[in-house]
Amino acid sequence: MQKLKFITGVMFPIILFALLSLILLSVSRIVLTLWQIDHTTGWQDWASILLQGVRVDVATLCWLLILPSLLLALLPTQGLLGQIWLFILRLWLVAGLWILVYMELATPSFISEYNLRPNRLFIEYLIYPKEVFSMLWVGYKLELAVGLIGSVFTLCLGWLLSGYAVRDLDAPRWYWRPVLAIFVVALGVMGARSTFQHRPLNPAMVAFSTDPLLNDLTLNSSYSVIFAARNMASEKSAEEFYGTMPLEDIIATVRASSGRPESFMPGDIPTLNTNLPTVEGKKNLVILLQESLGARFVGGLGGLPLTPNLDALMQEGWNFTQMYATGTRSVRGIEAMTTGFTPTPSRAVVKLSKSQTGFYTIAELLGRQGYHTQFIYGGESHFDNMKSFFLGNGFEDIVDLPDFVNPKFVGSWGASDQDLYQMADKQFTQLHQTGQPFFSLVFTSSNHSPYEFPDGEIELYEHPEHTRNNAVKYSDKALGEFFAKARQSEYWKDTVFIVIADHDARAEGNVPVPVDRFHIPALILGGDIPPRQDDRLASNIDMAPTLLSLIGADNTSPMIGHDLTKAIAPEYQRAMMQFDKNFGYLTRDKLVVLQPGKDPIGYQYDFTNQTMTPSGISEQESQRALAHALLGGKLYREGRYRLPPQTDQLQAMAVNH
């Protein structure tokens, strides 16, 4: 150590902490890769992960240490000023080391949940400390303890080590300082960029596999989160990820792919189209959005035997057996179900600034047609910016946790599903008595980590009690109790219900878009809905047009989803899926995957066995996927996903009728 200190001179503290960080990050990467060894296919994967990982780590450390290196080269290390500066340097080095270590300690839990390193979701959750810390305290005590112990150890060891590193540190003579400063800055900039190309290092440069997790293992978690934060600040468009296409070509492709190009209308809203309802009159609409209920948990769809009530209901209503979510977050499911918006690599529109007012929702459409519109949630509706988005876009009424009186059970995410459904029944009864049709979005939360629900409500499927499978079983019981009560209500005969998941519990797999983890249940029920098993390929963006048709609502809107009350030829059936930065366009024949900075790739998807086989794709298939991937971002940025002025809409309805 003394020899290294003599050789490196005044830069010894920087080099010592850089070497220590490199070792710790590499050890973490090796441990994580061993843990996920089933994802690797050979030594080539290991070589890419470890070698490119060092490259990412060096770039990360250069960004972290370039400023203190510059100051260390220029400032004195003796006297009062020198002591103050060295104290600040020690704080900087120790804090940087702690952040690197803490993020690696937090990584296993995040991978277990999302099959990726911490990314933008990590940042988004930090915005809601009350809910998140409550969740962590209830369901992740071991992880919190590991993080605390690791943090204390890192801070103590780092402080001791930094004291040794700055002891007897001599600055170079004054005339060498500018030379050293220029050298360390030049070296730091080159290391941070890690390339002589036009753009600096980014995750796409070190990506080597079709398995997103392997590509993420190449990064370190601090870099992953910082890169995500920078992307969130600039909100990268799909064009920057997948390529460009003129808007007129996008619209032409989307219209041709719809199977009903004649329904689109001219004007400044490119996707504005009209769809006449299949029934007359005005029925109520209730969307029961189920948290994290993937098809693999639903017995009626070939999953685990956890949903006997939903399975029975599937025999009584219109059941979709091949329904696919657009994403892996609740806000993506809310986006699809309330706006029919196509998924993008950006955040869901629920959270974006330009969509907080003047953005299309079915609540605004139905409000114009005399409906009372509301959102019912057992937690705090400000979470994920839901309250702001809803109130700014057509929802008149929000019922959330503060409105619940003496709930039976309150967990980390709010009132239990039983309490939620009791509140929903109360609201529906009151609204029905007014004689005004209503639309209500009801969002469950019990099937969310840490999986809290009232004791003694179910016969446990497994032990310990608070597991996802048990939470699914409890949520299903609450759903069954609600429908048993709703069938006896006065509002039943006048209401169309849909039970649908926002997304699956965890999207994972060794492919760019794991299609089977986007498969979700969707069931439409109501007094006039006949039993039906529907095996057409569909997306949750198809549900809003379908539901509007079923309740007798005129639908002139920018939604491109199919009205499934009408025949859809197999060649026009499709689903769109956003998996982190990858976009999937699934048809009966092919899955086309778009990835940042890469050529599109294709797979043949076996819907029966849920397996994927690499397959070639045509230029037409590639362009169709690209058009749908770019559509949402284009319309959002230009403010063209909205309803026309109400007078124009009424005129369009009159012409159609």
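This dialogue walks through how to read several features of a predicted model.

Q: What conventions apply to this model?
A: This is a predicted model, in which local features need pLDDT of at least 70 and side-chain atom pairs count only at pLDDT 80 or more, while totals for chains, interfaces and linings use all residues. Residues are numbered from 1 along each chain as its sequence is written, and side-chain values use heavy atoms, with hydrogens and water left out.

Q: How many aromatic pairs does the structure hold?
A: Rings of Phe, Tyr and Trp (its six-membered ring) pair if their centres lie within 6.5 Å, and planes under 30 degrees apart count as stacked, over 60 as edge-to-face and the rest as tilted. The structure holds 35 aromatic pairs. In one of them the ring centres of Phe 483 and Phe 497 are 5.6 Å apart and the planes stand at 70°, so the pair is edge-to-face. Because Phe 483 belongs to helix α19 (residues 468-486) and Phe 497 to strand β9 (residues 495-501), the pair ties together parts that are 14 residues apart in sequence; here helices (H or I, at least four residues) and strands (E, at least two) are DSSP runs, numbered from the N terminus.

Q: Are Phe 483 and Phe 497 buried or exposed?
A: Buried means under 20% relative accessible area, exposed over 50%, and partly exposed in between (1.4 Å probe, protein chains only). Both Phe 483 and Phe 497 are buried, and buried residues make up 59% of the 657 residues in the protein chain.

Q: Which ring does the charged end of Arg 588 sit over?
A: A charge sits over a ring if NZ of Lys or CZ of Arg is within 6 Å of the ring centre and within 35 degrees of the ring normal. The charged end of Arg 588 sits over the ring of Phe 607, at 5.1 Å from its centre, and Arg 90 lies over the face of Trp 159, 3.8 Å from the ring centre.
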